[in-house]
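Subject: A structure for you to explore

Hello,

I am passing on a structure that I have been reading through, and I hope you enjoy it. Please open it next to this email, so that you can look up each place as you go.

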Amino acid sequence: MSHTRNRPLSAADLDAFGEELDAIRARVQADIGPRDARYIRRVVAGVRWTGVTGRALLFLGAFVHATLVPAWILGTLLLALSKILENMELGHNVMHGQYDWMNDPKLNGKTYEWDIVATGDNWRKTHNVQHHTYTNVRGMDDDIGYGLLRIFPEQRWRPFYLMQPLIAVVFALLFQWGVALQDLRIGRWLAGRMQPGELREAFRPVMRKVGKQVLKDYIVFPLLAGPFFLPVLLGNVVANGIRNLWTYTVIFCGHFTANAEIFPKEVVQNESRGHWYLRQLRGSSNLTGGKLMNVLTGNLSHQIEHHFYPDLPANRYAEIAVDVKRICVRYGQHYNTGSMPRQFGQVIWRILRHALPSRPRVLRTGEAIA
Amino acid sequence: MSALPTPKPRWPLRLARRAVSPALFDFWATRFNPLWTLEQPLARLVSRTSASRDAVTLVLRPNAHWAGIRAGQHVSVGVTIGGRRLIRSYSPTVLDDGNLAITVKAIPGGVVSQHLVRDARIGEVVSLDAAFGDMTLDEADAPLLLLAAGSGITPMRALLRDLAAQGMPGNVDLFYWARHHDEFCFTGELKALAAAHPRLRVHFLATREGDAPAARVDAMSFDTVTALHERRAVACGPAGFVEAARSRLRGTVARFDAEAFSLPAPTAVDEAGDVEVYLTRSGRTLTLSRNQSLLEGLEAQGVRPAHGCRMGICNSCACERQSGTTRHLLTGDRSSEPSTQVRLCVSAPGTDLILDL
């Protein structure tokens with residue numbers, strides 16, 4: 001499916017490529033300081049203020065009926081914005097350890113807990129370790145279709161995938177639940193490869209988190225509105241839904257565009273640092289759209305830079321991208337970027353196309369290392 | 001003063017703790033008062049006065065979560081400089097109004113001490129951790145020999161105030177070393193205490209002053225100390241001082257306790273040879289090579305720390321380096337900031353280390 005012309009890189013090229021990218025890391029790392037701390041504190045404030053304003057407007061709409069519709073719409077949107085900011089620019093980035101250097105227990109990567117039904121601990125395992133180390137490696141990166149969708153022709157086709165255009169929509173609407181269940185590997189249990197006790201054990205922390213989130217969004221806040229329970233409940237449901245759709249869109253644009261590639265398991269054996277970078281580059285795609293897009297996507301608009309440097313503060317990605325792009329051009333490597341409609345259009349095409357049987361067109365492993 | 005038991009919080013606070021996270025509560029509560037937190041002990045800087053030529057005494061007002069401290073103990077104070085919370089230990093004196101007084105000496109190249117001595121604003125908020133340290137007095141009437149060098153005077157001052165409040169039940173000799181006369185802190189207070197309590201004797205020893213500099217601890221005779229062999233010796237100062245005191249007094253006192261404070265760790269370190277790594281949770285001390293990542297070194301010794309990518313990106317192996325210097329294997333950067341997260345898979349030891357593992 002790939003239509004790009006990437007120059008084959010020799011082992012020496014790859015080493016030099018890796019060294020140049022490592023040099024960017026060292027440069028940025030040495031410069032991290034007050035500016036980055038100010039940024040993440042502003043994001044925290046943004047999450048809190050949009051959250052409280054959104055919830056206040058939902059109550060206003062519930063109690064002052066003349067304002068119901070505009071207050072409900074604005075309140076829901078602000079609450080959704082708060083959750084998007086919290087999940088993406090704050091939670092996701094903090095859990096990568098990007099702000100560990102601040103030594104603030106509330107911004108600690110290993111203990112942060114986010115405003116979503118998925119537990120931070122499961123996310124740290126499936127995302128930080130599996131997805132980021134084995135990005136787009138078939139059988140190792142569970143994010144390839146989340147065990148539910150066939151995105152690449154390299155995935156074996158089964159009749160089940162004929163339903164995936166529908167399943168993909170349901171998955172998008174319920175994305176936070178998908179993320180919550182991802183690490184439980186229910187598929188393995190259904191296939192009889194996991195003891196029920198093992199699954200129960202894994203389920204316990206997830207249920208605790210789910211209970212907390214459901215209690216907060218769907219019981220306590222609606223009940224605070226008393227007789228006007230319903231509009232507040234609905235506002236919370238819709239805000240969570242908007243967040244689900246948005247995060248799904250951003251994340252799918254990150255690795256499932258037309259030119260994104262996947263890799264066989266063999267590549268990770270004795271993989272050089274340079275090749276690891278190359279794999280991150282070929283498996284990731286960026287989104288154009290400027291500062292607003294950067295904030296709303298948690299800087300996953302710079303998915304390539306994020307995959308190169310998942311532990312550097314995300315507010316640095318935009319300036320890092322200038323150098324990364326230049327290096328990619330110099331090494332003759334395609335830098336996959338485009339507008340959200342364009343990138344997501346390609347994702348939709350993949351979901352539709354690979355619902356039907358398909359075959360990979362080129363053998364890409366040979367191309368990666370000449 | 002003994003450590004206070006943490007009082008059972010009142011019901012609004014208990015309810016708040018169940019209902020909201022500290023992150024949420026603290027964000028809103030600190031808009032109203034920077035000390036209002038759900039759990040975290042914090043303190044506000046209320047005054048700063050000069051204590052000697054290169055030291056200041058800072059008075060901190062702790063919030064309700066501060067559980068108290070025994071005389072002679074230490075507290076880790078977190079100071080935010082350039083967006084980063086840096087942790088240093090001080091031995092505070094508890095004032096009559098419950099405030100904590102810490103005396104800080106400006107150390108050349110010391111980021112925190114220079115900040116506290118020169119730049120800290122009145123009203124600035126610092127974090128506190130629970131008090132720690134074993135230099136406390138269990139039997140107040142035991143005869144004591146207190147040895148302090150430089151900033152090592154601060155726990156001694158707290159001990160002496162505590163003893164003075166109890167009427168100085170036993171004989172106490174304080175030997176206090178500094179290089180020059182104007183580097184002594186609390187001179188007025190210590191002399192006044194000695195004047196008020198005949199059982200207390202204070203000796204100021206300036207080692208680089210005038211024609212007759214005072215003897216260092218290794219050459220000190222302690223002839224004037226009565227019944228030396230019955231005394232419990234307590235020493236505090238730089239590691240070199242503490243070691244010299246220990247060997248000088250070996251076999252001559254009833255008991256010897258000491259605490260050494262570490263000076264900034266060297267940043268230029270070797271890349272070959274071995275270091276000792278102490279793991280606080282398991283209590284093990286291991287010898288690891290400087291030219292290997294900590295993760296590999298620990299694994300080779302049978303320790304299995306949590307880890308993931310093994311290449312410095314996933315943060316699974318991050319753990320707190322309490323002291324010592326490490327070298328980042330990808331960037332070559334040296335880091336010796338105490339109480340900092342390091343990733344074991346891309347860090348090699350540079351000096352002896354203490355890891356929270």
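Below is what was found, starting with the two chains and ending with a single residue.

Please keep in mind that this is a predicted model.

**The two chains**

Chain A contains 15 helices and two strands. Its radius of gyration is 21 Å, close to the 21 Å that the globule rule gives for 370 residues, so chain A is as compact as a globular protein of that length. Along the principal axes, the C-alpha trace of chain A spans about 70 × 55 × 40 Å.

Chain B has seven helices and 20 strands. A compact globule with 357 residues would have a radius of gyration near 21 Å, and the 22 Å of chain B agrees with that. The box filled by the C-alpha atoms of chain B is roughly 65 × 55 × 35 Å along the principal axes.

**A parallel sheet in chain B**

In which order do the strands of the five-strand open sheet in chain B lie? The order is E10-E9-E8-E11-E12, and the pairing is parallel. Why is one side of E10 (200-206) and of E12 (255-261) left without a neighbour in the sheet? These two strands of chain B stand at the edges and each has a single partner strand, so there is no neighbour on one side. On average, neighbouring strands of this sheet are turned by 10° against each other, if direction is ignored.

You can follow one of the pairings by eye. E8 (residues 144-149) and E9 (residues 172-178) of chain B pair in the parallel sense over six bridges. For Leu146(B), the bridge partner in E9(B) is Leu174(B). As you look along a strand, remember a general point: in a regular strand the side chains alternate between the two faces of the sheet.

Helix H5 (residues 187-196) of chain B lies across E9 and E10 of chain B and runs at about 145° to E10(B). Helix H6 (residues 239-249) of chain B lies across E8, E9, E11 (232-238) and E12 of chain B, at about 155° to E11(B).

**Antiparallel pairs in chain B**

Chain B also has an open sheet of three strands, in the order E17-E16-E19, with antiparallel pairing. Here E17 (334-335) and E19 (347-349) of chain B stand at the edges with a single partner strand each, so one side of each has no neighbour in the sheet. E16 (residues 326-328) of chain B is joined to E17(B) by two bridges, and Thr326(B) stands opposite Ser335(B) in E17(B).

Next, look at strand E1 (residues 42-52) of chain B. E1(B) pairs with strand E2 (residues 55-62) of chain B in the antiparallel sense over eight bridges. How many residues does the hairpin between E1(B) and E2(B) go through? The hairpin joins them through two residues. One pair to find is Ser50(B) with its bridge partner Val56(B) in E2(B). E1(B) also runs antiparallel to strand E7 (residues 125-128) of chain B, joined by three bridges, and there Arg44(B) stands opposite Val125(B).

**Cavities**

How many cavities of 30 Å³ or more are there? The count comes to five. The largest cavity has a volume of about 220 Å³. It is lined by 22 residues, and the closest to its centre are Met88(A), Trp123(A), Phe175(A), Ile251(A) and Leu300(A). Among the elements that give two or more residues to this lining are helix H3 (68-95) and helix H4 (120-133) of chain A. H9(A) gives the most, with five residues. The lining of the largest cavity divides into nine nonpolar, eleven polar and two charged residues.

The second largest cavity holds about 70 Å³ of space. Of the ten residues that line it, Asn6(A), Asn259(A), Leu281(A), Arg282(A) and His334(A) lie nearest its centre. This lining divides into one nonpolar, seven polar and two charged residues.

Trp72(A) has its place in helix H3 of chain A. Trp72(A) and Leu57(A) are 15 residues apart in sequence, and their C-alpha atoms are 6.6 Å apart in space. Leaving out residues up to four places away in sequence, Trp72(A) touches Leu58(A), Thr67(A), Pro231(A), Leu234(A), Gly235(A) and Val238(A).

How values were computed. Residues are numbered from 1 along each chain as its sequence is written. Chains are lettered from A and ligands numbered from 1 in the order in which they are written. This is a predicted model: local features need pLDDT of at least 70, side-chain atom pairs count only at pLDDT 80 or more; totals for chains, interfaces and linings use all residues. Side-chain values use heavy atoms; hydrogens and water are left out. On a 1 Å grid over the protein atoms alone, a cavity is a set of points where a 1.4 Å probe fits but cannot get out, and a pocket is an open set with protein on both sides within 12 Å along at least five of seven lines; lining residues have an atom within 4 Å of a point. Grid points are joined across faces, edges and corners, and a volume is the space filled by probe spheres set on the points. Helices (H or I, at least four residues) and strands (E, at least two) are DSSP runs, numbered from the N terminus. Ala, Val, Leu, Ile, Met, Phe, Trp, Tyr, Cys and Pro count as nonpolar, Asp, Glu, Lys and Arg as charged, and the others, Gly among them, as polar. Two strands pair if DSSP finds at least two bridges between them. Axes are lines fitted to C-alpha atoms, for helices over the stretch in contact, and angles run from 0 to 180 degrees between N-to-C directions. Contact means heavy atoms within 4.5 Å. The radius of gyration is taken over C-alpha atoms; the globule rule is 2.2 Å times the number of residues to the power 0.38.
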